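I opened this notebook to keep track of what I looked up in one protein structure.

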Amino acid sequence: MKKTLILALALATGVVGASPYYLPTGRYTDDLPGRRPVTPAPVYAAEAAVANPFGIEIAGTYTHIFNDAGYDESIDTWGADATISYNIDSNWSVNLRLGWATASESETYMEYDKWDYRLNNWTIAPGVRYTTELDGNLSFFIGANIGIGIVDSTTTWTDTFTGYGHQIEREKWTSNATGFVYSVDLGLRYNLSENFYMFGAIHIWGTSAAPVDTETQHGAGLRIGMGLSF
């Protein structure tokens, strides 16, 4: 009995070893649904940074400034900036930003006196940025720029006197100052192609430049724009 079992096992092993298994073909597979290749959506975020190291961005900015500019507790500025950049690798880049923002306020006192105030901020600042991919073409970035800020302000008083007829006297003066400027951006970027992307960020901005009637400015807002890499 023992010899019989050993002989049977040996024969089975030989049959298995000599007869490899093949997937069925022909009429056994004719009715199976065909497999279609799946083409994944193109991903540009990491590849674009390496293949196209140079870039330029155009953005619009809104910043709510907390200061006493123009005898007011705060003021809203609207502006634009252009940034040229170079990618060191897929995460780190250096850049140079040129920016401009403006604001205006006016107020009338007792229907006789009117006060107008206009503010302009000019910025030139180098910076650094870190970008990391979140999911496919979506990335998160944080960047900081430090440089020089130029602020000029114009104040105009219109005084109306009554008496022998109407007399209007206009008084206008301007002032400017240069100082330290900084900005910080935290935002999201979406690559629409290998060379083109859009972004939005929380924008923190401030300057130590303080012309007459304007204290140092610090505030926060939004920065939204588009970029092109090459």
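**Entry 1: surface and layout.** Before I wrote down any area, I noted that accessible areas come from the Shrake-Rupley method with a 1.4 Å probe. With that in hand, I read that the protein exposes about 14700 Å², and that carbon and sulfur atoms supply 64% of this area. I also reminded myself that I am looking at a predicted model. I then listed the elements and found 2 helices and 8 strands, which from the N terminus on follow the order α-α-β-β-β-β-β-β-β-β. Of the 230 residues in the protein, 33% are buried. When I looked at contacts between residues at least 6 apart in sequence, I saw that 62% of them join residues at least 24 apart.

**Entry 2: confidence.** The mean pLDDT of the protein is 80, and 70% of its residues reach 70 or more. Which element has the lowest mean pLDDT, and which the highest? Helix 1, covering residues 2-18, has the lowest at 48, whereas strand 7 has the highest at 96. Over residues 5-12 the pLDDT stays under 50, and the model has 0 contacts beyond four places in sequence for them. Residues 15-19 also have a pLDDT below 50, and beyond near neighbours in sequence this stretch has 0 contacts in the model. I wrote a reminder to myself that where pLDDT is low, the predicted coordinates should not be read in detail.

**Entry 3: how strands pair.** I followed strand 8 and looked up its partners. Strand 1 pairs with strand 8 in the antiparallel sense over 11 bridges, and in this region I found that I65 has G219 of strand 8 as its bridge partner. Strand 7, which spans residues 196-207, also pairs with strand 8 in the antiparallel sense, over 12 bridges. On that side, M198 stands opposite M226 in strand 8.

Entry 4: I started from I75, which I located in strand 2, residues 74-87. Is I75 buried or exposed? I75 counts as buried because its relative accessibility is 1%, and the cut-off for buried is under 20%. I also noted that I75 and Q217 are 142 residues apart in sequence, while their C-alpha atoms are 9.5 Å apart in space.

I75 belongs to the largest nonpolar core, which has 11 residues in all, including I65, W115, V181 and W205. Strand 4 (113-135) and strand 6 (165-191) each supply at least two residues of this core, and strand 4 gives the most, with 3 residues. A second, separate core of 5 residues includes A59, F141, Y197 and A201. I set a general remark beside this entry: in soluble globular proteins, nonpolar side chains tend to be buried together.

I then looked up what W205 touches, leaving aside its neighbours within four places in sequence. Among its contacts are I65 and V181, as well as T63, N121, Q217 and G219.

**Entry 5: salt bridges.** How many salt bridges does the count come to? The count comes to 5, and I looked at some of them one by one. The side chains of R223 and E57 meet in a salt bridge at 3.2 Å, N to O. This pair links distant parts of the chain, since R223 is in strand 8 (residues 217-229) and E57 in strand 1 (residues 54-66), 166 residues apart. Both R223 and E57 are buried.

Next I found R97 and D185, whose side chains meet in a salt bridge at 3.0 Å, N to O. Here R97 lies in strand 3 (residues 92-109) and D185 in strand 6, 88 residues apart, and both residues are buried.

R223 also meets D185 in a salt bridge, at 3.5 Å, N to O. Because R223 lies in strand 8 and D185 in strand 6, this pair ties together parts that are 38 residues apart in sequence.

How values were computed: Residues numbered from 1 in each chain as written. Heavy atoms only, no water. Helix = DSSP H or I, 4+ residues; strand = E, 2+ residues; numbered from the N terminus. Buried < 20%, exposed > 50% of the residue type's maximum accessible area, 1.4 Å probe, protein only. Contact = heavy atoms within 4.5 Å. Core = buried A, V, L, I, M, F, W, Y, C linked by side-chain atoms within 4.5 Å. Salt bridge = Lys/Arg side-chain N within 4 Å of Asp/Glu carboxyl O. Pairing = 2+ DSSP bridges. pLDDT = per-residue confidence, 0-100.
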